[in-house]
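The entries follow the order in which I looked.

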Amino acid sequence: MTCPRAPSAVQAGRSMWVRCALWGARAGSQLQSGVLAPCRRHGGAASYSASAQASRVRALIYGSHGDPAKVIELKNLELAAVGGSDVHVKMLAAPINPSDINMIQGNYGLLPKLPAVGGNEGVGQVEAVGCRVTRLKPGDWVIPANAGLGTWQTEAVFSEKALIQVPNDIPLQSAATLGVNPCTAYRMLVDFEQLKPGDSVIQNASNSGVGQAVIQIAAALGLRTINVVRDRPDIQKLMDRLKDLGAEHVITEEELRKPEAKNLFKNTPQPRLALNCVGGKSSTELLRHLAPGGTMVTYGGMAKQPVTAPVSLLIFKDLKLRGFWLSQWKKDHSPGTCTPERPQLRRKTDMELSSEGRAPCWAEDVQAETAKAHKRECDSWGTTVVLREWSFQSGLGLGSWTGRFRPITKGLKPF
């Protein structure tokens, strides 16, 4: 059976992390070699049934919810045959996010059918495509369109609709962390308040993955940011790094509670938008500094404490409390539409951000002193642990994460 070639399409040019976050990743591609037959259909998630094209897959799987250190197992699977609408993907890198841990624990808003492969985010390279696949070709880089796909594995067969193509000339760690944090940051910045250049935004967890994305995207949009972090011995180094990303103000939680914090707003307008990932007292302080009629958007609760809103602020300042969950946003919108197709925004990002965006600080999962030192260097301002494919094959890293999830979860700091 032969398949006709799809028309050529212009792919996205050289672009970096923030530009991808603002544009979305929806570039077409020409169908070339690697087309497989016969045609048949699979669902969006990976399939592991035996097939004539059996290939060993190593994956981190959990069959029940609970403590990741106890329920995660490293297993060998068989790769399913590639059907007509399917794509064979070799995973290149996948991060460990707090939502991944929550999903394994069973306390996340979206839970896959068990047994399930862990991991909601990552980047893979297309190895082969089915004869009905029109958007992808071998060699393309792809990321999951939605959560729950299962990225902690060496390779898998997914449906074409479950994947979004991204440029393959950006850094690997940028591509691996592109699908969640930058899109969350962008949508919160544009969906809740009609902000104009010169307006300000205040956020906590400012050195988190989302926080760093907020800083960079806000700067690209001409917005000023007030970034709250937890105090630490090397606070000046953290402040310098966040300002290097584009942060205008970086202050600690303790400083925000002092009366002198009002001096921030002598030359900076009161923020109309606050982004809360912590909860508890931290979220209350964000509310206190919002402009009348402003909005606080909660997208996380790392402190595991409820958001407390003084009645006086709701009555006399008419503040609004909203929530944001990227998975729900994707359900309500077309796949791949992280950002609007606005020509002026595309031109702006093309001119200003083609080489400026940076992914969060990251450390590969490798048992080496250099990696440990790098992770210590990054920990003070937010580290993304990235799992690499060779970790499975060598027996290091990902295979040994089975017993190392407990320190990971303990190490997930709220700021």
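**Entry 1: surface patch**

I looked for a nonpolar patch on the surface and found one formed by V307, V311, L314, I315, F316 and L321, with about 590 Å² of accessible area together. The model is a predicted one: local features need pLDDT of at least 70, side-chain atom pairs count only at pLDDT 80 or more, and totals for chains, interfaces and linings use all residues. Residues are numbered from 1 along each chain as its sequence is written, and side-chain values use heavy atoms, with hydrogens and water left out.

I noted the patch rule: members have over 30% relative accessible area and no salt bridge, with like charges joined within 9 Å and nonpolar side chains (Val, Leu, Ile, Met, Phe, Trp, Tyr) within 5 Å. A salt bridge is a side-chain nitrogen of Lys or Arg within 4 Å of a carboxyl oxygen of Asp or Glu. Areas come from the Shrake-Rupley method with a 1.4 Å probe, and for residues only the protein chains shown count as cover.

Helix α10 (residues 311-316) gives the most to the patch, with four residues. Helices (H or I, at least four residues) and strands (E, at least two) are DSSP runs, numbered from the N terminus. I checked L314, which sits in α10. L314 has 34% relative accessibility and so counts as partly exposed, the class between buried (under 20%) and exposed (over 50%).

**Entry 2: helix α7**

Which residues of α7 (residues 235-245) are buried? I listed I235, L238, M239, L242 and L245. They lie on the same side of α7, because they cover an arc of only 120 degrees around the axis; the arc is taken from the directions from the helix axis to the C-beta atoms. Their cover includes α6 (209-220), β11 (224-229), β12 (249-252) and α8 (253-257), with contact meaning heavy atoms within 4.5 Å. Just after α7, I found G246 with a positive phi of about 125 degrees.

**Entry 3: aromatic pairs**

I counted two aromatic pairs. Rings of Phe, Tyr and Trp (its six-membered ring) pair if their centres lie within 6.5 Å; planes under 30 degrees apart are stacked, over 60 edge-to-face, the rest tilted.

Y108 and W325 are edge-to-face, because their ring centres are 5.7 Å apart and their planes stand at 85 degrees. Y108 is in the loop between α3 (98-105) and β5 (116-117) and W325 in the loop between β16 (320-323) and α11 (326-331), so this pair ties together parts 217 residues apart in sequence. W325 is partly exposed, at 27% relative accessible area.

Note on methods
Buried means under 20% relative accessible area, exposed over 50%, partly exposed in between (1.4 Å probe, protein chains only).
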